[in-house]
Amino acid sequence: METLSLSQNNNGKTATLSLAQKALEQGQGILRLAPTWVPRSFCVPGRRIKLHPDDYYVLGGQRGGIDERWLSSTTPAKNGPLTGEHEGLSFVVVNDGDKGEKVLLKDAIDELKGELIGDRIWNEYQSWPMYSKFFDNMGPLPHHVHHNDEKAALIGQKGKPEAYYFPPQLNNHGGDFPYTFIGIAPGTTKEQIRECLVNFTKGDNKITNYSQAYKLEPGTGWDVPPGLLHAPGSMCTYEPQKASDVFAMYQSLVNEAIIPEELLWNGSPKESVGDFDSLIDVLDWELNVDPNTMENRFMAPKPVKPVEEMKAEGYIENWVCYKSDAFSAKELTVFPGETVVIKDSAAYGLIMMQGHGQMGVWDIETPALIRYGQLTNDEFFVSEKAAKDGVKIVNLSATDPIVMLKHFGPNNPDLAK
Ligand SMILES: [Zn+2]
């Protein structure tokens, strides 16, 4: 997308700026993003992501309800033949004279490269290799698995690690079943799981009989590497993940609904369809039967530096997703009335969860209700340079904290510290 316009640079010469350059300049390194809503035909919305009650089925009943908002996404949603042209993709909002313009975040990154996401990430990936989303389902999801890079390559995809954090602001109720099954009970044999897969088309294949579920707790999260079976519960979930859509459903009946057999073979190359051993091979068996699953996969928030030090400066920042090398996430809280400057070593996307104020040149706020198609001031993307220079945040409320979630790309240098 090359929309050009003229503006004056510092030397008084006329320079030609693309929309992406203009956005970076206007935001002084911070891009404002438009909300990206995604429907799922097989899901019932949990109605906790602030979309107007009349808009959850705004795309038509056939498309299903909207139960996801994708954040900082350069990854198109794969939603079958009816998928919209830009479904799943984030747009940057740019003021162009007196009119508002939009440019895809993907196009802005392709054009600005390291200037936006940093040379470290651009040189290795030539893309923004993660996104995050709010996943808001009323009921539980089927036990499923995401393939690793090696298995995903068989169908031309990348592997997919993902992680969960349950924001308290979106979880006053946990939905129909706020428990997540993770892995397979230690002592279970591959033969027992294979039998469940063979029984996939016979009603309930009972695979979760061999799993264990954990009650979900707002303000905590879980880490889900590739190859690990998991059946996400119904809490509204902030879900940073690698940019990939690879999965296979291993549970045939959930919440009294049948899962189509094609989803069992969804991640298999054509020649492996019908080969149940290949489905077992997708599983990282040791990871699944780990007797210390809770200790190894559960994530309680971890302060990024000594809490007293941060409190004295007017904020608290916690790592909320920190066990994957493909992405990480933080929750930043700025206390009422405080002004802080927060530095990070990497580019990131952010979503406002609570409060209002200013961030750099932008007004930031947390809407209570959003119409489909409406713009907001709650989602942004911070360039590596702006992150390193430090982002100034002013909390204009005397009572309400500012809370935001920040999602980072692979191998965040601050996480290694
Ligand atoms: Zn998953």
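Two strands count as paired here if DSSP finds at least two bridges between them. Strands (E, at least two residues) and helices (H or I, at least four) are DSSP runs, numbered from the N terminus. You are looking at a predicted model, in which local features need pLDDT of at least 70, side-chain atom pairs count only at pLDDT 80 or more, and totals for chains, interfaces and linings use all residues. Residues are numbered from 1 along each chain as its sequence is written.

**View 1. Four strands make an open sheet.** Follow the order β24-β29-β26-β27, with antiparallel pairing. β24 (339–342) and β27 (362–364) stand at the edges with a single partner strand each, so one side of each has no neighbour in the sheet. From one strand to the next, the twist averages 25° (axes are lines fitted to C-alpha atoms, and angles run from 0 to 180 degrees between N-to-C directions). Three bridges join β26 (residues 357–359) to β27, and here you can find Gln358 opposite Asp363.

**View 2. β6 and β7 form a hairpin.** Strand β6 (residues 91–96) pairs with strand β7 (residues 99–104) over six bridges, in the antiparallel sense. Look for Val94, whose bridge partner in β7 is Glu101. Two residues lie between the strands, and Gly97 in the turn has a positive phi of about 65°.

**View 3. Seven strands make another open sheet.** The order is β3-β28-β25-β30-β23-β22-β21, and the pairing is antiparallel. At the edges are β3 (30–32) and β21 (302–303), each pairing on one side only. Three bridges connect β3 with β28 (residues 379–382), and Ile30 has Val382 as its bridge partner.

**View 4. Helix α2 has four buried residues: Leu105, Lys106, Ala108 and Ile109.** A residue is buried if 20 or more other C-beta atoms, placed from the backbone, lie within 10 Å of its own. These residues of α2 (residues 105–112) cover an arc of only 160° around the axis, which puts them on the same side of the helix; the arc is that of the directions from the helix axis to the C-beta atoms. Among the elements covering them are α1 (19–26), β3, β6, β7 and β28.

**View 5. Ala23 touches Leu31, Val92, Val94, Val103 and Ala108.** This list leaves out residues up to four places away in sequence, and contact needs C-beta atoms, placed from the backbone, within 7 Å. Ala23 is among the residues with the most contacts inside the largest nonpolar core, which has 95 residues. Such a core is a set of buried Ala, Val, Leu, Ile, Met, Phe, Trp, Tyr and Cys residues joined through C-beta atoms within 7 Å.

Conventions
Buried ≥ 20, exposed ≤ 12 C-beta atoms within 10 Å, placed from the backbone. Contact = placed C-beta atoms within 7 Å.
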